[in-house]
Amino acid sequence: MGVQYYNPACMKPASFDYLAPRSLEEALDYLAEHGYEAKVLAGGQSLVPAMNFRLARPAVLVDINPLSELDYLEETDHRLRIGTLVRHSTFEKPVCQGPTGRLLAMAARHVGHWPIRVRGTFGGSLAHADPAAEWCVIARLLDADLVTRSSSGGRHIPAEMFFQTVFTTALEPDELLLEARLPLLSSDTKVGFQQFSRRAGDFALAMVAVAFQIEEGKVMNPRIALGGVSDRPLRAPEAEQMIEGADPGDPSFRAAAETAAREIEAIGDIHGSASYRRDLVRALTRRAFEQAITIS
Amino acid sequence: MGRSLARFEDPPLLTGDGRFVADLNQGARFLRFVRSPIAHGRIRSVEIPDHLTAFTAEDLHEVSPIRPLLHREDYLPIEQPVLASQKVRYVGEPVAVVVADSPEAAEDAAEQVYVDIQPDRPVVNALSALETNAPVVHDLVGHNVVVDACFETGQVAEVFSSADEIVQFDLRSQRQNALPLEARGSIASYDRRTGRITLIASVQSPHVVRTILADLLDLPESDLRVVVPDVGGAFGQKFCLAPEDVVATWVAGRLRATVSWIEDRRENLMSSFHSRDHHYRIRGAFSSEARLLAVDADLVCNIGAYSCYPVTCGVEPLMALAEFPGPYDFRTYRVRSRGVTTNTCPMAPYRGVSRPVITLAMERLMDKAAARFGMESVEIRRRNLIADFPYTSVTGLVYDEGSYLESVNLAAEKIDLDDFRRRQQAALDQGRRLGVGFSVFSERTGYGTSAFAARSMDVTPGFETVDMTMDPSGNVEARLGASPHGQGLETTLAQLIGDRLGVDPSRVRIVHSDTDRTPYGWGTFASRSLVIAGGAARLASDFLRDKLVAIAAAELEAAPEDIVVRDGRATVVGTDTGLEVAEIARLSYHSSHRLSAGMDPGLTSTATYNPAGTFSNACHAAIVEVDEETGAVRVERFVVVEDAGRLINPMIVDGQLHGGITQGIAGALYEEIRYDEEGNILTTSLMDFLPPTMAEIPNIEIHHLETISDATITGAKGLGEGGTIGAPAAIANAVADALRPLEVEIDELPITPARLRRLLKSVEGGKVIG
Ligand SMILES: Cc1cc2nc3c(=O)[nH]c(=O)nc-3n(C[C@H](O)[C@H](O)[C@H](O)COP(=O)(O)OP(=O)(O)OC[C@H]3O[C@@H](n4cnc5c(N)ncnc54)[C@H](O)[C@@H]3O)c2cc1C
């Protein structure tokens, strides 16, 4: 029998054409024209390594970096609107007052290393959909509204529908992610963010973001989102449900952590089995709740 | 000497003026190796599209296979074709080479080569490879055991049966890659005028590379020149012969052109030499006084698919066998040490070679025994360390003077062990687990030919030669066969030579790493260069110094014993009458008629040094905190007490320790090459193979002891590997100490968070969370 095989090693990209549109319309036209052949180039911090390994072989790159109109932050209608090209490092200091800005800042410092944060973009991270990406987890936690555009129109995709599986989103090949809209959490919202990685700057083996309020001494509107443990960012609905209305404190935090660890469908890889991922979820969920009531 | 002079090597490296192989390949054509994606199988065909320039084993049929040799019955030689022919034996093995005009085009071309392989069942794990029905990696051998060495003193059974305590355990050290920042690479160029081929390569031993290239390609050595430019780390990975360098040299000759192979990180992780990957079964017998009476050890080293040239795959098992006792005194010893072939990347010595693992074994043995006796870990060491010198070990190694006990005592003092125990208890009361671990070891360095000959090596390294010239301006040039590549030897040797010749070190130029310019030598590895090349430099400078003194004495009409050479002048003792060293130098060339009868003009000398070897020693102590819920280990403090004899440049010594300890911590906690059962390598990027960063490495506190023995003429001992040798055991012992109440045994490295969690969950009865 026997099979024919390819060389297993590569480090230089296969050849491609490079297009630098001068306007959003031109970019959308290019995407419409080239479809599956084309890839948007944003910060390049995920796409370029993938091309070097020849895991991605786009025939055409459409570079959106020159489109400065996609680099903006605006607060309207209790929402923070994040243009796709806003760089990770922008979020290291809170970009808005209140818990939303604080939570983004807590997460930002865990996104890779400094040079990556200066280059990589918020929208690029969402579009790339790494299950261990901080922004994907925050988007899922806060039920972000993701705004897209193609030459034939635009749509709004809720985060829950947007992230489909590893590196796969609801975006069509001719569709550009324009903006992410996050709710501006009310000032009494408590937020926590915990993650575990082998080395500083590595993608996390697991991460947990939480947000909740305390009304009349009880946990209200709890949200728990998990990253790095499955094929996409997840919420932990059972854990959210069980802690809703509970007294905040070690027993309820532990119980919620235990439930979160149990309810998720964890996936193992060479850095840790599914069961180890659950151990991390348990520890990090509790710590995220503790952090939230301690600091906010 | 003894001054922390800033390294002469650094300014160009720090300002971007360094020149590495990849900086030198302008005008070259680019090679790309087509590598096997299959761990074990038969090559049915290699199909190359007509428009490509590519070569396979068939084209290279006149190139001899690499056949590293030991002359001993417990070693079976195996052959490695420089490009796989008939069989592939590991994922990443080079099968063909393509030539193109750019690296990108070379990758495109490599993708168009189709290799048709009939897969066979592979074997990946060394213990599986020992099983009777295991796949056989080398058909001609018929099984996978290519090294099978035994040693036994007698009385083993008796001592074990009458012992008060017997400690038994299995130990596993996973596989690593030495991971130099600069991966391997070479540029081979054929000179149409002379017919010579120059290989510019990132290697540790240019002369040895030239010899083996000449042997394999059947060329006179004089037709080859090997030059090593700046090297971005090597750590042993660049000591053994890369088949790719042979292929590059052959292609240059075949095309009468310049070709360049620059290894990328993925190739490096997949097909550059790996290391460690040992499995041990250890038994230790102790008296009621906690004295170690006997050790019984079964050592299995995974050597990968091939034996490495020149040291052979015997290097790990044979070193482990001979040096296992380390710094401990016991007289009854039985050991079997095997080297086993598998369908994995070939192994070569990496900083420390077997010693990080044998030190781990002895140090875990000591700590386990200490726990049985309810004794502090430093106390059991005090009772068992060697203390009388010279000491002859149970395997016949002679240890020169060292400070084994003193190093342990000083380390315990610096750590403040009593205070730590209080802090540890207080932390435990708050649910935090701290631990302290000690590791004490001997580091055999400066191996001369007699030490290597004991292994019956076909190629027996050891000596070093230094050619030295003082030119008419009074500047010194020393040419070495050693090949420093980051160790700061240019600075240290300049200090040593300058000191002997009374000239400033800045006037001493060290020439190395070019076979056209330097005497035959063995390169830089095994913590040898300062000891051996330094000894030769000392002898060569002494000859020149005597001649300077003789000339000065004649000129100044004084007795030679009354001449002092210092600060650039030769003066008559007690007076200020004298001559500049530069004046004497000029005189020796330009007014040689004034020299005494029988004295040759000029100032040149040659000396060779070949010591038996010397042992430096150290004690490492680590304090760690273990996060029981995540399995993470944080190193809070790391203390080293090091004794490397006379320190010529203490700053450079500290630098060696920092780097070595970082690599030791890497092996203890982070780095692990993984294969799946099919022999596919899973760790081919730095997202999966995890060297620690500055953020993970603690501050390293260093304290020096200076025991001067007469084993070397400079009083200096080697210390290049000690950091890597001692750190893993210190960390493992510290983690075990932190978890002592839970009775978790740390017998496998690296201690990854996932592995530690698994261990914690496996202990019954312990109050483990989760
Ligand atoms: C060493 C290293 C460590 C890292 N660690 C982390 C980490 O810890 N956490 C983390 O979250 N990330 C990490 N990253 C990834 C980094 O954050 C990337 O920046 C991010 O994943 C992608 O953003 P980008 O702007 O670089 O996108 P690119 O790499 O340019 O693109 C990524 C993908 O998204 C598509 N895309 C980009 N923008 C759009 C758009 N507007 N519309 C449609 N498609 C689009 C591209 O076509 C491509 O498929 C790391 C990267 C490296 C190299």
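Predicted model: local features only at pLDDT ≥ 70, side-chain atom pairs only at ≥ 80, totals over all residues.
## Confidence in the model

The complex as a whole receives an ipTM of 0.94 and a pTM of 0.96, while chain B has an average pLDDT of 96, with 99% of the residues scoring at least 70.

## The surroundings of the ligand

The ligand has 30 residues around it, and those that come nearest are A:Gly43, A:Gln45, A:Gly112, A:Gly120 and A:Gly124. Sorted by class, this shell consists of 13 nonpolar, 14 polar and three charged residues.

Several elements of chain A supply at least two residues each to the shell, namely strand 3 (38-41), helix 2 (47-52), helix 5 (122-128) and strand 11 (176-183). The largest share comes from helix 5 of chain A, which provides five residues. Since domain 1 (17-63) and domain 2 (68-183) of chain A both give residues to this shell, the ligand lies between them.

## The domains of chain A

Chain A is divided into domain 1, covering residues 17-63, domain 2, covering 68-183, and domain 3, covering 190-295. The centres of domain 2 and domain 3 of chain A, taken over C-alpha atoms, are separated by 21 Å.

Where these two domains touch, 23 residues of domain 2 of chain A are in contact with 18 residues of domain 3 of chain A. On the domain 2 side, the elements that give two or more residues are helix 3 (99-108), helix 6 (134-141) and strand 9 (163-165) of chain A, and helix 6 gives the most, with six residues. The residues of this side of domain 2 divide into 14 nonpolar, five polar and four charged.

## Where the two chains meet

Between the chains, 24 residues of chain A are in contact with 36 residues of chain B. On the side of chain A that touches chain B, strand 1 (3-5) and helix 10 (274-295) of chain A are the elements that give two or more residues, and helix 10 gives the most, with five residues. By class, this side of chain A has 13 nonpolar, six polar and five charged residues.

## A pair of helices in chain B

In chain B, the axes of helix 15 (residues 529-556) and helix 16 (residues 581-590) come within 10 Å and cross at roughly 90°, which means that helix 15 of chain B is roughly perpendicular to helix 16 of chain B. In their contact, B:Leu548, B:Ile551 and B:Ala552 of helix 15 meet B:Val581, B:Ile584, B:Leu587 and B:Ser588 of helix 16. This contact has six nonpolar residues, one polar residue and no charged residues.

## Local features of the backbone

Two cis peptide bonds in chain B can be described together with their positions. The bond from B:Tyr309 to B:Pro310 is cis, with omega near 0°, and B:Pro310 is found in the loop between strand 14 (292-304) and helix 8 (315-323) of chain B. Another cis peptide bond joins B:Phe389 and B:Pro390, with omega about -10°, and B:Pro390 is placed in the loop between helix 10 (377-384) and strand 16 (391-392) of chain B.

In chain A, A:Asp77 has a phi near 55°, which is a positive value in a residue other than glycine. A:Asp77 lies in the loop between strand 5 (73-76) and strand 6 (79-83) of chain A.

Definitions and conventions:
Residues numbered from 1 in each chain as written. Chains lettered and ligands numbered in written order. Near = placed C-beta within 6 Å. Helix = DSSP H or I, 4+ residues; strand = E, 2+ residues; numbered from the N terminus. Nonpolar A, V, L, I, M, F, W, Y, C, P; charged D, E, K, R; others polar. Domains from an automatic or database assignment. pLDDT = per-residue confidence, 0-100. Contact = placed C-beta atoms within 7 Å. Axes fitted to C-alpha atoms, helices over the stretch in contact; angles between N-to-C directions. Parallel < 35°, antiparallel > 145°, perpendicular 65-115°, else oblique.
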